[in-house]
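This briefing goes with the sequence and structure shown below. The points are grouped by topic.

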Amino acid sequence: MARTGPGGSGKALYAYVLTCAVVTTAELRDHAAGLLPPCMVPSAVLTVSELPYTVSGKVGAGALPDPLAAPGPTAPTVTALTDPVVETMATVWAGVLGVPADRLDEQADFHQLGGDSLALLSMLAGVGRTLLTEAGERASMSGLHEIIEEPTLGHVAALVRQAMGPGSERGESALSSSGPA
């Protein structure tokens, strides 16, 4: 089901699943990821005991649980970020996606967090302004297909680090002066 995504900037896909066997939401997401293109994999999978229906027999979307509600006790743990490039990028991602930066680790997937193609370009522009010189931005954009294929924070950070090159002035100054939030 498409619902307003984090930050209210667009729609994201969410799955509500009725199960007859014990299965984790991670297993359901992995199964969907094996069958669908990355942009069609739901941002969140929620198991429900029953689907609510309206008087006309349609699924009552408004009565379904909020997929953006605070994570419960079974939420996956997020590994703390220690790399300054990744931390800075996580701050940019959080601003673009409207999610808390502390929910992001190197495995965080831009599409799964509700990012679409326009948000991806906005994120890349923010990362470019924060970490890259003009030449570095051009270099990072030449690898756009790699970012689209694997839009995880760790993978994009590795590509940005390559674009920064050794001793990148903007990257070094951005990391030392402003630091990650």
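Which residues form a nonpolar patch on the surface? Met1, Tyr53 and Val59 do, and together they have about 290 Å² of accessible area. The model is predicted, and the points below cover its fold, its surface and two contrasting residues.

**Fold**
- The chain contains 7 helices and 3 strands.
- Read from the N terminus, the order of elements is β-β-α-β-α-α-α-α-α-α.
- Of the contacts between residues at least 6 apart in sequence, 61% link residues at least 24 apart.

**Surface and interior**
- The chain has 181 residues, and 36% of them are buried.

**Tyrosine 53**
- This residue of the nonpolar patch sits in the loop between strand 3 (44-47) and helix 2 (84-97).
- Tyrosine 53 has a relative accessible area of 54%; the cut-off for exposed is over 50%, so tyrosine 53 counts as exposed.

**Leucine 131**
- Leucine 131 belongs to helix 3, which covers residues 117-131.
- Its relative accessible area is 0%; buried means under 20%, so leucine 131 is classed as buried.
- Leucine 131 and methionine 164 are 33 residues apart along the chain, and their C-alpha atoms are separated by 7.5 Å.

Key
Residues numbered from 1 in each chain as written. Predicted model: local features only at pLDDT ≥ 70, side-chain atom pairs only at ≥ 80, totals over all residues. Heavy atoms only, no water. Helix = DSSP H or I, 4+ residues; strand = E, 2+ residues; numbered from the N terminus. Buried < 20%, exposed > 50% of the residue type's maximum accessible area, 1.4 Å probe, protein only. Contact = heavy atoms within 4.5 Å. Patch = residues over 30% accessible without salt bridge, like charges linked within 9 Å, V, L, I, M, F, W, Y side chains within 5 Å. Areas by Shrake-Rupley, 256 points an atom, 1.4 Å probe, with all protein chains shown as cover. Salt bridge = Lys/Arg side-chain N within 4 Å of Asp/Glu carboxyl O.
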